[in-house]
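Colleague: I would like to go through this model and ask what lies behind the words used for it. Please give the cut-offs as we go.

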Amino acid sequence: MAPLSKTGAALAALRDELSGEVFAPGDAGYDAARAGSRPAVIARCADPADVMRAVRFARDLDLPVAVGGAVGYGGVMVDLCRMREVSVAPEARTVRVEGGATMSGLDRACRPYGLAAPGAPDSAAGVAGFVLGGGTGWLDRAFGLAVDGLRGAELVTADAERIRAGPEEHPELFWALHGGGGNFGVATSLTLDLRELPEFGATLLLYRPERGPEVVRAFREAIETGPDRLSGALLYLSGPLGFVPEELVGRPVCGVLVTYAGGAGTLRELAAPLPVADGLPYAEALGMFDTRPGLRSLSSAECLTGLPDDLVDLYCSLGARMPVPTGTRHLLFPQGGAVAAGPHDYPVPFRDAPWVAHPFARWEDPADDERAVDWVREVRSGVAPWSTGDVPLDLIGDEGAERVRAGLGVGNMLRLEKVKRAYDPDNVFRFGHNVRPL
């Protein structure tokens, strides 16, 4: 850490140089911008040049850097909320998204052309973090993981230099970005492939919890016999959610979200074992499970070797025991299809798992901390006999170095550590699921 005199001078210079805004503790706007963290400085950047200035400021003061709310106490938060432009090239079927773009912005820009990219279930999620972390969503079985469509990325490195990574430019870095997240720089833009998606059907069906085993088995049958364009999730949920009938608020509810990368009519035919209702537009399906800011939360996941009947029964019993009414969700979703058929060279080793269990506890009252955390741990330990050992890193919090290795692939770590040494030898970008330089 630099002396206070140097810190004050550097901060004053950053305020003068940045086109965007700078917030430090005590400034008006700091609390609203800090996203639950306690950074030393927040740099709300307006363009890539601002990002370069912010990283250079951090390096001069020997401070770590993170994008958004992932920064810990004392670091520099690079806030990209002003960099949200999304530019679609319909003839080329590609889209360029700036580093602060959200999934809802991506979807709105692509929808008029009947195009889409695999995206996160949370419409407020950042595109760059989701893609580079190898995230999962409703279109994966049809089109593959979002990161499989990454065509190029522009980054600001730890040396405050602006570079472009692609198959021919910085190819090792480009490989590492397929799952390595924010370990190697600040992504100021991504170029992604798009797929034709003129229609998208989705329906959420709710059941009383005692019907869980029947519902899970029916959905399993539909997935195993249906086409790759059929997907969705099984879930137990609770809380005052707008789509939960009043009589079911405050108790666990069993649900099944059925999605189809096509028309609602075909969706109804494919989901015949379930009482399917009318479909919803893709944008509404994206926003169906948006996370309300300000809640306490703990998320985890386990990739599964399959979904046998004894695991079905265990999943349902764990759902019936989840903390209520806190907004907690207990999800089980299928992979396979284009996910399993995708490129296996990238550091996303979970693509061969046919199912993923995803406990996601959310609560408001600190008095619920213990029971919420205990329930997430109970789910993880309960499904452990069926675990593949791999994990989607975008679905878990800080669970230690071994889980990071499981999420990136033990066999990939040496290569990733060499890329880290080449582009961030001082581990400036060390928040989140960190890869340390070799």
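Colleague: Which residues of helix 14 (residues 401-408) are buried?

Modeller: They are Arg-403, Val-404, Ala-406, Gly-407 and Leu-408. Buried means under 20% relative accessible area, exposed means over 50%, and partly exposed is in between (1.4 Å probe, protein chains only). Helices (H or I, at least four residues) and strands (E, at least two) are DSSP runs numbered from the N terminus. The model is predicted, with local features needing pLDDT of at least 70 and side-chain atom pairs pLDDT 80 or more, while totals for chains, interfaces and linings use all residues. Residues are numbered from 1 along each chain as its sequence is written, and side-chain values use heavy atoms, leaving out hydrogens and water.

Colleague: What do the buried residues of helix 14 pack against?

Modeller: They pack against strand 16 (302-304), helix 13 (369-383) and helix 15 (413-423). Contact here means heavy atoms within 4.5 Å. Just after helix 14, Gly-409 has a positive phi of about 100 degrees.

Colleague: Why is Pro-347 called buried?

Modeller: Its relative accessibility is 1%, and the limit is under 20%, so Pro-347 counts as buried. Pro-347 sits in the loop between helix 12 (338-341) and strand 18 (355-363). Leaving out residues up to four places away in sequence, Pro-347 touches Trp-175, Ala-176, His-178, Gly-179, Gly-407, Leu-408, Asn-412 and Leu-416.

Colleague: How do you know whether Thr-191 is buried or exposed?

Modeller: Thr-191 has 15% relative accessibility, which is under 20%, so it counts as buried. Thr-191 belongs to strand 10 (residues 186-193). Its contacts beyond four places in sequence include Thr-94, Val-95, Arg-96 and Arg-164.

Colleague: What makes strand 14 (residues 253-260) largely enclosed?

Modeller: 8 of its 8 residues are buried, so the rest of the structure largely encloses strand 14. Val-253, Gly-255, Leu-257 and Thr-259 point one way, whereas Cys-254, Val-256, Val-258 and Tyr-260 point the other way. In a regular strand the side chains alternate between the two faces of the sheet.

Colleague: How many bridges join strand 14 to strand 12 (residues 201-207)?

Modeller: There are 7, in the antiparallel sense. DSSP must find at least two bridges between strands for them to pair, so these two strands qualify. Ala-202 stands opposite Thr-259. Strand 13 (residues 230-237) also pairs with strand 14 in the antiparallel sense, over 8 bridges, and Gly-232 has Val-258 as its bridge partner.

Colleague: Why is helix 8 (residues 212-225) called oblique to helix 11 (residues 309-320)?

Modeller: Their axes come within 9 Å and cross at roughly 130 degrees. Axes are lines fitted to C-alpha atoms, for helices over the stretch in contact, and angles run from 0 to 180 degrees between N-to-C directions. Under 35 degrees is roughly parallel, over 145 roughly antiparallel, 65 to 115 roughly perpendicular and the rest oblique, so helix 8 is oblique to helix 11.

Colleague: Which residues of helix 8 meet helix 11?

Modeller: Gly-212, Pro-213, Val-216, Arg-217 and Arg-220 meet Asp-309, Val-312, Asp-313, Tyr-315 and Cys-316 of helix 11. By class, this contact has 5 nonpolar, 1 polar and 4 charged residues. Ala, Val, Leu, Ile, Met, Phe, Trp, Tyr, Cys and Pro count as nonpolar, Asp, Glu, Lys and Arg as charged, and the others, Gly among them, as polar.
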